[in-house]
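Please read them with the sequence and the structure open.

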Amino acid sequence: LAEPYPIKEREELTDSGPNLLVAVGHGVEMIFLFQDLVLDEGPGNRSCKRLAYFFKTTIYRKPTFTGLYTRWDSYAPKGQKIALIKSLAFRARRICSPEYLDEELRKLQSIFERNGYPLQLLQRAMSQVMDGDIREKSANRAILRLPWLGESSAAFKKKVINLVQRFVPLCSPICCFTTRKMFQTTNKDALPMTNVSKVIYLFTCECGHR
């Protein structure tokens, strides 16, 4: 909060809860960095009528940010890569003030281009987010987790969705892919507790001796 912010309102914010931190800054033009936000408060945002402040917000990235996301040529489902574009564009749409939104979208486009993403796909995915073309969550969702094995997994997904829509039209199937092992397998049999070795390899005493 800026220093001329009304004292009464500052005290109310401070007493709102133990997990709320209120920072008071000095000066006229200030920029606050908070998680993913840049709060820009300056004389251009001030209402001279009541000394109320209107903050402008944009995305904040740490100086150590390298711009590395999931590369387009990585071994991952195409849907996850497109979802990454849309989620970051949606974050920019929700956080950025109108005057900062176009600049943030250009940054995202540049970052994804360096990660090998096609320009036409980037523009289409971002325009869908900006136009509000986001599917609403269905109440009758059925989530199926599948291993990612390349094109065969994508073909299997299409078959599953077609079959579900054909025989259960009220259900909305969602196939999620993963590159991790879905089932932990081992070739060794587990030893019974009675046959487990009783050897103690290291013991530390309370005095510190081992």
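1. Cys96 has a relative accessibility of 9% and therefore counts as buried; buried means under 20% relative accessible area, exposed means over 50%, and partly exposed is in between, with a 1.4 Å probe and protein chains only. Cys175 is also buried, at a relative accessible area of 10%. The closest cysteine sulfur to that of Cys175 belongs to Cys176 and is 7.6 Å away, too far for a bond. Searching the whole structure gives zero disulfides, where a disulfide is a pair of cysteine sulfur atoms within 2.5 Å. In general terms, a disulfide is a covalent bond between the sulfur atoms of two cysteines.

2. On the basis of these notes: this is a predicted model, in which local features need pLDDT of at least 70 and side-chain atom pairs count only at pLDDT 80 or more, while totals for chains, interfaces and linings use all residues. Residues are numbered from 1 along each chain as its sequence is written, and side-chain values use heavy atoms, with hydrogens and water left out.

3. The chain has five helices and seven strands. Helices (H or I, at least four residues) and strands (E, at least two) are DSSP runs, numbered from the N terminus. Along the sequence the order is α-β-β-β-β-β-α-α-α-β-α-β. Of the 210 residues of the chain, 25% are buried. Contact means heavy atoms within 4.5 Å; among contacts between residues at least 6 apart in sequence, 54% join residues at least 24 apart.

4. Helix α2 covers residues 78-95, which is 18 residues. From first C-alpha to last, α2 reaches 26 Å, close to the 26 Å expected at 1.5 Å a residue; the expected span is 1.5 Å times one less than the number of residues. Its buried residues are Lys81, Leu84, Ile85, Leu88, Ala89 and Ala92. They cover an arc of only 115 degrees around the axis, which puts them on the same side of α2; the arc is that of the directions from the helix axis to the C-beta atoms. Note that a lysine, Lys81, is listed among the buried residues of α2. The buried residues of α2 pack against β5 (56-59), α3 (98-114) and α4 (119-130).

5. Helix α4 has 12 residues and reaches 16 Å between its first and last C-alpha, close to the 16 Å expected. Leu121, Leu122, Ala125, Met126 and Val129 of α4 are buried. These residues cover an arc of only 120 degrees around the axis, and so are on the same side of α4. They pack against α2 and α3. After α4 comes Gly132, with a positive phi near 80 degrees.

6. How do α3 and α4 cross? Their axes come within 10 Å and cross at roughly 145 degrees; axes are lines fitted to C-alpha atoms, for helices over the stretch in contact, and angles run from 0 to 180 degrees between N-to-C directions. On the α3 side the contact is made by Leu101, Leu105, Leu108, Gln109, Phe112 and Glu113, and on the α4 side by Leu119, Leu122, Gln123, Met126 and Met130.

7. Gly116 is in the loop between α3 and α4. At 35% relative accessibility, Gly116 counts as partly exposed. Leaving aside neighbours within four places in sequence, Gly116 contacts Arg71 and Trp72. Gly116 and Arg71 are 45 residues apart in sequence, yet their C-alpha atoms are 6.2 Å apart in space.

8. Helix α5 (residues 151-167) has 17 residues, which should span 24 Å at 1.5 Å a residue; the end C-alpha atoms are 25 Å apart, which agrees. The buried residues of α5 are Ser153, Val160 and Ile161. Seen down the axis, they fall within an arc of 95 degrees, so they line one face of the helix. Glu151, Lys158, Lys159, Arg166 and Phe167 are exposed on the other side of α5. The cover over the buried residues of α5 includes β6 (141-147) and β7.

9. Thr178 is found in strand β7, residues 172-178. Its relative accessibility is 11%, so Thr178 counts as buried. Not counting residues up to four places away in sequence, Thr178 touches Arg145, Leu146, Pro147 and Trp148.
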